Structures are given as structure tokens and as C-alpha cells.
Amino acid sequence: MTVRESTFYGFANPVDPRPEEMQAWAYHPEAVPIDAMPGDWDLLISGDVLAPTLFELAMDRQCPARRFALHCMYIYAADGVRQNATGLRKRRLKKFVERAEEVGDEPMAIWAHNCRVLMSRPETFDYSDWIEGGLVRHPRRLGMFGR
């Protein structure tokens, strides 16, 4: 049985979901609506533990929660360019960007491009775009010199 065929029964701990719970939920997001989750749930789960799962969900064109996963990857990326970001985060982000450039579709190519812009010019960071979902709601390629 694949994750898509299985039923989602809920999170053991919603503020610290396991990767397999996150993946199962993403194919059945109606089971637990996002607005029923703890406040700032997107920020809570957009860390190193779930990043590989969120990236795979964002890459999956058939995933019902794809936009949410992409939003989380924007949060992950924004955190990964901070001056005090861990080396692991920076290396992992670079690998995600490279993979999205190689095999991703348009939304993932835009995400990768925007990550590259932010990596090269961290001062262009805009909270509403990267953390509040602006780049997911209004997809666009950021310019290297300005918005």
C-alpha cells in the first residue's frame, strides 16, 4: 500500500510531526485542515527534520498539499540564508535548489531561482514574500537587482 492509498489518522504530536505522518497528511489534507493546526504551524514544521519530506511533496504535481509544502520550502530557504544558519541547512538547501533546477516543474524552477537570488543577495529578503506565502500566492521570479 502506498501513502496515497493509505488513510491519514492524525498526528501523534502536531507541533513535531514525523515525516511519514506529514507525507500521509499531504495526500489527505482534508482530514486535518491547516486552520485546525497550532498557530504558526508552517513555521514549526519548516525545519531540517521535515525538509526532505516537504521538498518531495512540493515536487509532486499530484500532491493535494503541494502549495503548502512549497510555502514551507520558502520558509526553509529563508532560514537557510541567514548568517547564523547551520552548515547542514546551507548544504541541504543548495542540493534542493540544484535538484529543483534539474527535474522540477515551473513552480519548483521559480522557487530555485528565487532561492539563488536570496542566497546571492540576502538583503532582498521580504518577510511577506518568504514567510507569509507571498511568493506562493503570487508566483514570480525575483530579479537580481530589485524586486
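This is a predicted model: local features need pLDDT of at least 70, side-chain atom pairs count only at pLDDT 80 or more; totals for chains, interfaces and linings use all residues.
**Entry 1: helices α4 and α6.** I began with α4 (residues 66–80) and α6 (residues 106–120), whose axes come within 10 Å and cross at roughly 15°. Angles under 35 degrees count as roughly parallel, and α4 and α6 are therefore roughly parallel to each other. I noted the handedness of their crossing as right-handed. I then listed the residues that make the contact: α4 supplies Arg-66, Leu-70, Met-73, Tyr-74, Ala-77 and Ala-78, while α6 supplies Pro-107, Met-108, Ile-110, Trp-111, Asn-114, Cys-115 and Leu-118. Sorted by class, the contact comprises 11 nonpolar residues, one polar and one charged.

**Entry 2: the largest nonpolar core.** I next examined the largest nonpolar core, which has 47 residues. Within this core, Met-22, Trp-25, Trp-111 and Trp-130 touch the most other members. I found that α1 (19–26), α2 (41–45), α3 (51–59), α4, α5 (87–103), α6 and α8 (134–137) each give two or more residues to this core. The largest share, 10 residues, comes from α4.

**Entry 3: Trp-111.** I looked up the neighbours of Trp-111, leaving aside residues up to four places away in sequence. Trp-111 touches Phe-55, Leu-70, Met-73, Tyr-74, Ala-77, Leu-93, Phe-96, Val-97 and Ala-100. Trp-111 is also one of the α6 residues in the contact with α4.

**Entry 4: Asp-40.** I turned to the loop between α1 and α2, where Asp-40 lies. Most residues other than glycine have a negative phi. Asp-40, although not a glycine, has a positive phi of about 60°. I recorded its relative accessibility as 51%, so Asp-40 counts as exposed.

Technical notes: Residues are numbered from 1 along each chain as its sequence is written. Side-chain values use heavy atoms; hydrogens and water are left out. Axes are lines fitted to C-alpha atoms, for helices over the stretch in contact, and angles run from 0 to 180 degrees between N-to-C directions. Helices (H or I, at least four residues) and strands (E, at least two) are DSSP runs, numbered from the N terminus. Angles under 35 degrees count as roughly parallel, over 145 as roughly antiparallel, 65 to 115 as roughly perpendicular and the rest as oblique. A crossing is left-handed if the near helix is turned anticlockwise from the far one by less than a right angle, and right-handed if clockwise. Contact means heavy atoms within 4.5 Å. Ala, Val, Leu, Ile, Met, Phe, Trp, Tyr, Cys and Pro count as nonpolar, Asp, Glu, Lys and Arg as charged, and the others, Gly among them, as polar. A nonpolar core is a set of buried Ala, Val, Leu, Ile, Met, Phe, Trp, Tyr and Cys residues joined through side-chain atoms within 4.5 Å. Buried means under 20% relative accessible area, exposed over 50%, partly exposed in between (1.4 Å probe, protein chains only).
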